[in-house]
Amino acid sequence: MVSVTQNIPEFALSSQLNEIVINADEEVTFILKKNDSVILQESYTPDSQNIIRILDLFSLLESYLINEPLTNFTYEMIADSLWDNSTNFTVLLCRPIVPCSAEDFVANYFLTTLTGRDKITSFGRTETLYLTTGKLSSGGTTIPVTAECIFVNDQNQLLKSTRSLGNVADYGIRSIDVSPSRFTQSGYKLLRYTILAGARKQTFRVDQDEPESIGLKFRNSFGAVETFYFVGGDTVEPELSRSAAYFAGQYKTYHVDEQRKHTLNTGYIPESMFALADDVARATEVWLMDESGDIPITITESNTSRSDEDDGLFAFTVSYIFASRCQQRLRLLPDIFDDSFDDTYN
């Protein structure tokens, strides 16, 4: 007699993948697949209480979820008594522990650790939100996305405006461009805006000072590419290691290895953004946003410690090196004059 007493739901967050528990009085073969590719195939013998436990499913599936954060899997259990059980299930990459079901989470939140808490942004920055319903095939419906914007003019008069951002499909992982430059009003400044998609809600507060910033793109805890901007400056510490030897009686350097460590500082940011800063520190894929294109970098150190001494504000630092063996990067001067410039007096 074989039966499954603890199973995987049809849709699950990867951090919620619990063990599979089987009651059995005989050996059971467990086969885990993605499409037609076998991930695991093992035969298990029940313990003294006729129980089989299949553990650590997240570790088995994580490498597949990194490439496809929303993926369908299948498992099959086969016993000698001709008992056969096959189940399809969908998993969304999610590294944090979430205190609700997968269905409730994706229906109520965008795929970011902010989970609706305010994010500080500014004009000139790129902001993107991602959402999903946890389905891999369309239900034939779409999700309307709107932005509720609050503007202010020179007389401190407020203006509320609702803008449509179109519709997104109800399957897969969908992205929405929510950069502040999309929301303008003649004679007014944008104070804040809230993005709504069904029950999902995310508020952005606009820093009117538009401070100089250094932007990083990173793959967040849900496998989506998110942005974070550092306004506290960039410190560069080149570290050179030289290798030298005697050649024809002369002592010469034959190799110089450089690690150019950059340290970025957020400046003080509100408590609402702590989880996002922490997500940057944990990211394994990070890019420096540059005018010539995104540059892959590797985070080597981070400091996300905080205290309550600054009224809930804290500063966060992260150190990185370029992922490329070449650590130096040239900045070319822009073309100031075109070919028609009159150089008579040169």
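**A guided reading of the predicted model**

The residues that line the largest pocket of this predicted model divide into 9 nonpolar, 3 polar and 5 charged (Ala, Val, Leu, Ile, Met, Phe, Trp, Tyr, Cys and Pro count as nonpolar, Asp, Glu, Lys and Arg as charged, and the others, Gly among them, as polar). The model being predicted, local features need pLDDT of at least 70 and side-chain atom pairs count only at pLDDT 80 or more, whereas totals for chains, interfaces and linings use all residues. Residues are numbered from 1 along each chain as its sequence is written, and side-chain values use heavy atoms, with hydrogens and water left out.

The volume of the largest pocket is about 370 Å³. A pocket is an open set of points on a 1 Å grid over the protein atoms alone, with protein on both sides within 12 Å along at least five of seven lines; a cavity is a set of points where a 1.4 Å probe fits but cannot get out, and lining residues have an atom within 4 Å of a point. Grid points are joined across faces, edges and corners, and a volume is the space filled by probe spheres set on the points. The lining of the largest pocket comprises 17 residues, of which P96, I97, T113, T115 and A275 lie nearest its centre. Helix α3, residues 274-282, gives the most to this lining, with 4 residues (helices, H or I of at least four residues, and strands, E of at least two, are DSSP runs numbered from the N terminus).

The count of cavities of 30 Å³ or more comes to 1. The volume of the largest cavity is about 30 Å³, and its lining consists of T112, L114, K119, E127, T128, L129, F204 and E226. By residue class, the lining of the largest cavity divides into 3 nonpolar, 2 polar and 3 charged.

Helix α3 also holds a group of buried residues, namely L276, A277, D278, D279 and V280 (buried means under 20% relative accessible area, exposed over 50%, partly exposed in between, with a 1.4 Å probe and protein chains only). The cover over the buried residues of α3 includes β9 (119-121), β16 (214-219), β17 (225-230), β19 (250-269), β21 (295-303) and β22 (314-322). Strand β22 is itself mostly covered, with 7 of its 9 residues buried. Strands β19 and β22 run antiparallel and are joined by 6 bridges; here Y268 stands opposite A315 in β22. Strands β21 and β22 also run antiparallel, joined by 6 bridges, and T298 stands opposite I321 in β22. Two strands are said to pair if DSSP finds at least two bridges between them.

Attention now turns to the sheets. An open sheet of 5 strands has the order β2-β8-β7-β4-β5, and its pairing is mixed. Strands β2 (11-13) and β5 (37-44) are its edges; each has a single partner strand, so one side of each is left without a neighbour in the sheet. The twist from one strand to the next averages 25 degrees. Within this sheet, β7 and strand β8 (residues 84-92) run antiparallel and are joined by 9 bridges, with Y75 standing opposite T87 in β8. Helix α1, residues 57-67, lies across β4 (28-34), β5, β7 and β8, and runs at about 150 degrees to β7 (axes are lines fitted to C-alpha atoms, for helices over the stretch in contact, and angles run from 0 to 180 degrees between N-to-C directions).

Strand β7 (residues 70-79) contains A79. A79 counts as buried because its relative accessibility is 6%. Leaving aside residues up to four places away in sequence, A79 touches V2, E26, E27 and V28 (contact means heavy atoms within 4.5 Å).

Another open sheet consists of 3 strands in the order β1-β3-β6, with antiparallel pairing. Its edge strands are β1 (2-6) and β6 (51-54), each of which pairs on one side only. In this sheet the twist averages 25 degrees from one strand to the next. Strand β3 (residues 20-24) pairs with β6 in the antiparallel sense over 4 bridges, and I20 stands opposite I54 in β6.

Two loop residues complete the account. Most residues other than glycine have a negative phi. N156, although not a glycine, has a positive phi of about 60 degrees; this residue lies in the loop between β11 (142-152) and β12 (158-169). N156 is exposed, because its relative accessible area is 65%. A248 is likewise not a glycine and has a positive phi of about 50 degrees, and its place is the loop between β18 (234-247) and β19. A248 is exposed, with a relative accessible area of 87%.
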